[in-house]
Amino acid sequence: MIKKLIGNSLLGILIFGLSYFLSSEIIILSRDFILWGVGAIIAFVSMFLLTFLSAKYTKTWMPTKVILVAALLGIMLFAFLGLPSWKFSTKVAPTLISLILGVLAGHLSASPGFRSKTAILMALWAFPFLLNLQIYSTWVHYIEFGTLTGKVQSEDIIAFEALDKAGQTVSNETLRGKVTVLDFWFIGCGPCWKKFPELQKVYEEYSTHPDFELYALNRPMSSDSPDQAFTSIEKKSYSFPVLKGSQKIMDDFDIYVYPTIIVLDRDGKKVFMGEIEDARAVIDDLLAN
């Protein structure tokens, strides 16, 4: 009896630890903007296998409920202790739900008479796969930018001034009458560099239009050298112009996620906030009018 209790306790602790570890690693994977939906599928399958196989090979001497509780506790503890902020927790909520549903699906599959629960199991399995039908990416876009489509309606003109490489001031006043794309970034931002090839394509496509302007608006960091915002872009052979901004500009534009694309209309009003791939239609509409 004592040996069985010790064995159950040790296995429960192991499953608890594995659940915590898997949750952490899968969330790290999901930080990549390309892998939100894929991360949810991996989360579900990983926890399903962990729960199902543990229950299958220990069911003769260990209650499956112990495995269920240990796995769920590992996920919940990670959710409370391992996530950096409430906003990020909200953003990855579909992945956390997929982790929990994977545990429930594994538990049901290992339970006696699971065939009668086929409809429930199918519904559990469907959730992470449905997220890949633009549902997860739309959810993340809404959490990050506050809009489902990227289009925003702003009656206010945000006043700002930033310096180009020559030390000249570029502001909302100098850009009046132009359709302007601002790409907010900082040097240590990995996703920013991944998006720069697409930003370069947009710049090359529209740069000959007399009413179009595009700038990569840099957020200076304390570790940056004075001209690093300009030289780092030049070293990668990008030709789009760069502006050296400030934290105040980031705050005034409500920039909390990098990179963020802002499109300003000819009056200087913010009409789009999101990713560069989704901005083309807005740019086309503004230049046509």
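Which residues does Ser89 touch, not counting residues up to four places away in sequence?

Tutor: Keep in mind that this is a predicted model. With neighbours up to four places away in sequence set aside, Ser89 touches Leu83 and Leu96. Ser89 itself sits in helix α4, which covers residues 86-91. Its relative accessibility is 14%, and buried means under 20%, so Ser89 counts as buried. One of those two partners, Leu83, belongs to a nonpolar core of 27 residues, which also includes Trp36, Ala40 and Ala55.

That core lies apart from the largest one, so let's go there next. The largest nonpolar core has 50 residues, and those with the most contacts inside it are Leu182, Phe184, Trp185, Phe240, Phe253 and Val263. In soluble globular proteins, nonpolar side chains do tend to be buried together. Take Phe184: leaving out neighbours within four places in sequence, its contacts are Cys192, Leu217, Ile249, Met250, Phe253, Ile255, Tyr258, Pro259, Thr260 and Ile262.

Pro259 is in the loop between α9 (247-252) and β6 (260-264). Asp254 is found in the loop between α9 and β6 too, and has a positive phi of about 60° although it is not a glycine. At 39% relative accessibility, Asp254 counts as partly exposed. Ser237 also has a positive phi without being a glycine, near 65°; its place is the loop between α8 (228-235) and β5 (242-244). With 62% relative accessibility, Ser237 counts as exposed.

Now for a helix pair. Helix α7 (residues 190-206) packs with helix α10 (residues 280-288) at an angle of about 15°, their axes 12 Å apart. The two are therefore roughly parallel to each other, and their crossing is right-handed. On the α7 side, Glu198, Lys201, Val202, Glu205 and Tyr206 take part, meeting Arg280, Ile283, Asp284 and Leu287 of α10. By type, the residues of this contact are four nonpolar, no polar and five charged. Glu205, in α7, counts as partly exposed at 44% relative accessibility.

Key. Residues are numbered from 1 along each chain as its sequence is written. This is a predicted model: local features need pLDDT of at least 70, side-chain atom pairs count only at pLDDT 80 or more; totals for chains, interfaces and linings use all residues. Side-chain values use heavy atoms; hydrogens and water are left out. A nonpolar core is a set of buried Ala, Val, Leu, Ile, Met, Phe, Trp, Tyr and Cys residues joined through side-chain atoms within 4.5 Å. Buried means under 20% relative accessible area, exposed over 50%, partly exposed in between (1.4 Å probe, protein chains only). Contact means heavy atoms within 4.5 Å. Axes are lines fitted to C-alpha atoms, for helices over the stretch in contact, and angles run from 0 to 180 degrees between N-to-C directions. Helices (H or I, at least four residues) and strands (E, at least two) are DSSP runs, numbered from the N terminus. Angles under 35 degrees count as roughly parallel, over 145 as roughly antiparallel, 65 to 115 as roughly perpendicular and the rest as oblique. A crossing is left-handed if the near helix is turned anticlockwise from the far one by less than a right angle, and right-handed if clockwise. Ala, Val, Leu, Ile, Met, Phe, Trp, Tyr, Cys and Pro count as nonpolar, Asp, Glu, Lys and Arg as charged, and the others, Gly among them, as polar.
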